[in-house]
Amino acid sequence: MQSLSKIESFFQKEKMKSVFPEYEPREEQLSMAKEIAKSLSSNEFLIVEAGTGVGKSLSYLIPAVLHARETGKKVVISTETIALQSQLIQKDIPIVSRILGEPVRAEIALGSSNYVCKRKLNNVINEGSFGLEMMDKLKEFYEWEKRTSTGIKSEYKGFASGEFWSKITREPDNCLGRRCPNFSFSYYFLEKEKWKNAEILIVNHHLLAANIAGEYKLLPEFQNLIIDEAHNFPEILGRSFSKSTSYEDINQLITSIIGNTKKSGVIEKIQSPSLRTKLDKSVRKAETLNFDYFQKLLSELPIIFQEKRIESKLKIDGGDLENELFNIVSILEEYKVTFNKDTDDEIEKENQLEIEMLYSRISAQEEIIKNFRSSDLKKFVKWVSPKEEDSKLPFNKIHIQPLHSDEILVENLFPKMESIIFTSATLASEKNSFGFFLREIGNPSTNELVLKSPFDYKNNSIIYLPKNLKDPTSDNDGYHEDLCKLIPILVELTKGNSFVLFTSNKSLKTVYEGIKAEVPYEIFSQVELGAEKAKEKFLETNNSILFGVSTFWQGIDIKGERLQSVIITRIPFQPPNEPVLEAKIEEIKNNKGNPFGEIQLPRAILTMKQGFGRLIRSKSDQGIVSILDPRIQSKSYGKQILSSLPNSKIVYSFQELKSSFEKMKAPKY
């Protein structure tokens, strides 16, 4: 068991300062580290809300490394954002290594699609299927591929099209594994060997969720887990268990078998005449049934909709399409039996792999179609979304997802773990209560800890609540007119250096078009540029403004004068017609509960706390958070939202805001 005095010794000011000159002692940081050490040693679950500035990364890394060394058991750390993963491996782990006096064996694990597959790359080059846009870029890419030791997609800084990456990165069902001549040099499999030997393995929530969904076959064995940025993990887990398909998805697989004018299908490679005849007949039938299935689905839906939840059994077919897909799978399985797995012939290996890949993918499609027809509506959410943009036919996409991700955790994760630490700056949704988050993860038995931020919000942050704004729920046009009048005044006060956060792309576009000609500072829109490019441009350009949606409410860390104002245009309530939320609301109502209080408001509070958290990222940061939604003042829940935010000075008039901001920014003598 880790000695708490040993943990304290590592956080001594003198020791920390010797390896980490910027270190400032924080009582909250030590409290968190000791509680995590206790949970790891005692095989307990723990929830920790650690406000901005606590320094939670070191609080969990030091006890995690000590636990790994004392027990010989790996500790997995899961984060949501790439930024935090990079910070952990590039900045925090080296600091911990210096504090402990020896290197920490830490690795980042990514999903397999992040790694170049040498076999696929060679095939693309030999076939000449790399695309015209890559013709002049191949030499630069090849030079990087020879130098890289990891083959990780994000490490390549040159140009490569999305289509090119999709052709050359690893796919789980398009891999020869040990039969591949490149196996000993495979970037992915070499990285997996490193993962096995790591004391600390850093993953993201999507890979952790995929590991659970994939029956723990993606990552090395572990029993101790730290989930940072845990506030979104239940939702990410649920999405990882969702399945979807479309007419195009199924038709593409059918075309892979029978071929088209551009390319012959795999049926040509099957030697047995009887199997070829059976397969051709079944595939032709499936082709017709696929069209009929999505045609009938279209006839049962409204003409115009965004996403439509399916609330009763559809009369599409009696299982005809899924049965025919199953027949195709059976024929392919019959053919697979004839494979010579020990062949050294590379062409034969590729042919076998192509059949196995089709077998796997058609099996998956058959299962989705079957579950969409027959699954229990009380346990699963089914919905339909409009046709894909590049689709030539008006057919919809179908989706199915478990209603409760908490059941996945309780049944598939918790029994396998000795200890789990959930942490984030935002987990408590009301008066230090973890009630909402606990319900989201299945109410396990946990210890709890709330640590306030050590930052001086009262003197360094101002909350501005303007009066007489239009209510977005009753006068949307008037509300946007008010935003277009007020936002230019607010960004002028801070000379740009502002985030303006929206809850929808449509609202962002409306305000962007309404003010871009009036504001003397550059505005970078996430909708126009994408999240990464918008952030990059904002950081490169002095006195600029960033317009963002969901991405910029959380996980963005910009310190100092570059960000002095966060403008929240609307309380971030999730749209109640989002299919999974809609189903949960209905279930709560059926159980005589209050869905607004139990799920909608807590989620909005956590997102508001995240949005506010963009402003103060260091002890010296100062600025304004403006909330331009009048419901924060007019509705009873407004007080609940405000009480969850850091204790800042609140002002209601622009004159008072201007005076308070100038006073706050004035030099202190």
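At what angle do the axes of helix α10 and helix α11 cross, and within what distance do they come?

Analyst: Happy to. Please keep in mind that this is a predicted model.

Let's start with your pair. Helix α10 covers residues 205-213 and helix α11 covers residues 233-240; their axes cross at roughly 50° and come within 9 Å. The two helices are therefore oblique to each other, and the crossing of α10 and α11 is right-handed. On the α10 side, the contact is made by His 205, His 206, Leu 208, Ala 209 and Ile 212, while α11 brings Phe 233, Ile 236, Leu 237 and Ser 240. Sorted by class, this contact of α10 with α11 has six nonpolar and three polar residues, with no charged ones.

Helix α4 (residues 56-71) packs on helix α5 (residues 82-100) at an angle of about 60°, and their axes are 10 Å apart. α4 and α5 are therefore oblique to each other, and their crossing is right-handed. From α4, the residues that meet α5 are Ser 57, Leu 58, Tyr 60, Leu 61, Ile 62, Val 65, Leu 66 and Arg 69. Their counterparts in α5 are Leu 84, Gln 87, Leu 88, Asp 92, Ile 93, Ile 95, Val 96, Ile 99 and Leu 100. By class, the contact of α4 with α5 has 13 nonpolar residues, two polar ones and two charged ones.

Just after α6 comes Gly 128, with a positive phi of about 70°.

Now to the sheets. Seven strands make an open sheet with parallel pairing, in the order β3-β4-β2-β5-β10-β1-β11. At its edges stand β3 (106-108) and β11 (447-451); each has a single partner strand, so one side of each is left without a neighbour in the sheet. On average, neighbouring strands of this sheet are turned by 15° against each other, direction ignored. Within the sheet, strand β2 (residues 75-79) and strand β4 (residues 200-204) pair in the parallel sense over five bridges, and Val 75 stands opposite Ile 200 in β4.

Ser 445 lies in the loop between α17 (435-440) and β11. With a relative accessibility of 69%, Ser 445 counts as exposed.

Another open sheet has four strands in the order β6-β9-β8-β7, and here the pairing is antiparallel. Its edge strands are β6 (243-246) and β7 (308-309), each of which pairs on one side only. β7 runs antiparallel to strand β8 (residues 380-385), and two bridges join them. Lys 308 has Val 384 in β8 as its bridge partner.

Finally, have a look at strand β17 (residues 623-627). Five of its five residues are buried, so β17 is largely enclosed by the rest of the structure. Both of its faces are covered: Gly 623, Val 625 and Ile 627 are buried on one side, and Ile 624 and Ser 626 are buried on the other. β17 pairs in the parallel sense with strand β12 (residues 461-464) over four bridges, and Ile 463 stands opposite Val 625. β17 also pairs in the parallel sense with strand β16 (residues 565-568), again over four bridges; here Ile 567 stands opposite Ser 626.

Asn 460 sits in helix α18 (residues 457-460), and at 13% relative accessibility Asn 460 counts as buried. Leaving aside residues up to four places away in sequence, Asn 460 touches Ile 616, Lys 619, Asp 621, Gln 622, Gly 623 and Met 664. Among these contacts is Gly 623, one of the buried residues of β17.

Conventions: Residues numbered from 1 in each chain as written. Predicted model: local features only at pLDDT ≥ 70, side-chain atom pairs only at ≥ 80, totals over all residues. Heavy atoms only, no water. Buried < 20%, exposed > 50% of the residue type's maximum accessible area, 1.4 Å probe, protein only. Pairing = 2+ DSSP bridges. Axes fitted to C-alpha atoms, helices over the stretch in contact; angles between N-to-C directions. Parallel < 35°, antiparallel > 145°, perpendicular 65-115°, else oblique. Left-handed = near helix turned anticlockwise from the far one by under 90°. Contact = heavy atoms within 4.5 Å. Nonpolar A, V, L, I, M, F, W, Y, C, P; charged D, E, K, R; others polar.
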